[in-house]
Amino acid sequence: MAQDTYWGSFEEISKYNVQLNYAEKLWLAWYTYMQNDVLATGIMSFVMHETVYFGRSLPWIIVDMIPWFRRYKIQQDKIPTAWEQWQCALLVLFSHFTVELPQIWLFHPMCQYFGLSTGVPFPSIYTMAYQIAIFFVLEDTWHYWTHRVMHWGPLYKNIHKIHHQYSAPFGLAAEYASPIEVMVLGLGTVGSPILYCAITGDLHILTMYIWIVLRLFQAIDAHSGYEFPWSLHHFLPFWAGAEHHDVHHEKFIGNYASSFRWWDYCLDTEAGAEASKKRREKKLAAAKKKAL
Ligand SMILES: [Zn+2]
Ligand SMILES: [Zn+2]
């Protein structure tokens, strides 16, 4: 039987669906081959997450081993050791397999419940781009507030402290956190598209995947510990990037947002020497005004 293998079913699909592009054929063949949508979506999500997480962290591990890159390291005296990175990778893997893996059973039913489409053809690049832009804004807002709340004493001590074990972060440390924190912050990543779909009724699961991949890139790069002259925030001043989040780990306070700088800027929670100086000057000016 041709459909017994993935490529067999790909051939069959290609024969009868000439109007589809290559990626769409791969996609349809996967669902046809699996014969079980819940498993097909679940396995694809899990494999994608692991591949992107460790695949994106690997270049940063290599960068840490090359002394030439030290000039771009934000906290120059704190280079993570191989042992530290290994320990971190183990904990992240452990939590992926214990906390996240069981959830793959819920992913497809949840998407179906909220009306996400899984079929072909795919939405246009334009549709995906503007939807993903909306998700970035929504997630950043969720992240800012929940992260800020997690810095409140009891929550910090019991939940968020684990993530702050590394005062100089590195790529792999992006998801080094308590399972509760992973779920709360993950709700912003998964919940933003779900909310969007609940309101508009228009979202493809592929758009959700691409969004999650980009969000993973954002989180890992923000933890990389490196700031380059070509880093994105030099071109997009409202983009947070590594410089923004590194200071958060160093100072334990301020810079709570994930992707953008506007929440911290508007609510005066920016971290770092420059922001403290600005705050001091403001206070001084106010005191002077009062004295007059
Ligand atoms: Zn924090
Ligand atoms: Zn962090």
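**Chatting through the model**

A: Happy to! This is a predicted model, and its confidence is lowest in helix 12 (residues 273-291), with a mean of 82, and highest in helix 6 (residues 125-149), at 97.

Q: What's the mean pLDDT of the whole protein?

A: The mean is 92, and 99% of the residues reach 70 or more.

Q: How many helices and strands are there?

A: There are twelve helices and zero strands. The C-alpha atoms fill a box of roughly 85 × 45 × 40 Å along the principal axes.

Q: What does UniProt say about residues 133-269?

A: An unreviewed UniProt entry annotates them as "domain: Fatty acid hydroxylase". In the model, that span is 58% helix and 0% strand, and its end C-alpha atoms lie 24 Å apart.

Q: Switching to helix 1, which residues are buried there?

A: In helix 1 (residues 6-16), the buried residues are Ser9, Phe10 and Ile13. They cover an arc of only 105° around the axis, so they sit on the same side of helix 1.

Q: And which exposed residues are on the face turned away from the buried side?

A: That face of helix 1 carries Trp7 and Lys15, both exposed.

Q: What do the buried residues of helix 1 pack against?

A: They pack against helix 2 (22-34).

Q: Okay, what about the largest nonpolar core: which residues touch the most other members?

A: Those are Leu116, Ala173, Met208 and Ala257, in a core of 32 residues. Helix 3 (37-65), helix 4 (82-100), helix 6, helix 8 (179-200) and helix 9 are the elements giving two or more residues to this core. Helix 9 gives the most, with eight residues.

Q: Which residues is Leu116 in contact with, leaving aside neighbours within four places in sequence?

A: Leu116 is in contact with Cys111, Cys197, Leu203, His204, Ile205 and Met208. Apart from this core lies another one of five residues, among them Phe10, Trp27, Leu28 and Ala29.

Q: What follows helix 9?

A: Gly225 follows helix 9, and its phi is positive, near 90°.

Q: Last one: how much of the protein is buried?

A: Buried residues make up 29% of the 292 residues. As for contacts with a separation of 6 or more, 62% of them join residues 24 or more positions apart.

Conventions: Residues numbered from 1 in each chain as written. Chains lettered and ligands numbered in written order. Predicted model: local features only at pLDDT ≥ 70, side-chain atom pairs only at ≥ 80, totals over all residues. UniProt positions renumbered as here; feature names shortened; annotations may be inferred. Helix = DSSP H or I, 4+ residues; strand = E, 2+ residues; numbered from the N terminus. Buried ≥ 20, exposed ≤ 12 C-beta atoms within 10 Å, placed from the backbone. Contact = placed C-beta atoms within 7 Å. pLDDT = per-residue confidence, 0-100. Arc of directions from axis to C-beta. Core = buried A, V, L, I, M, F, W, Y, C linked by C-beta atoms within 7 Å.
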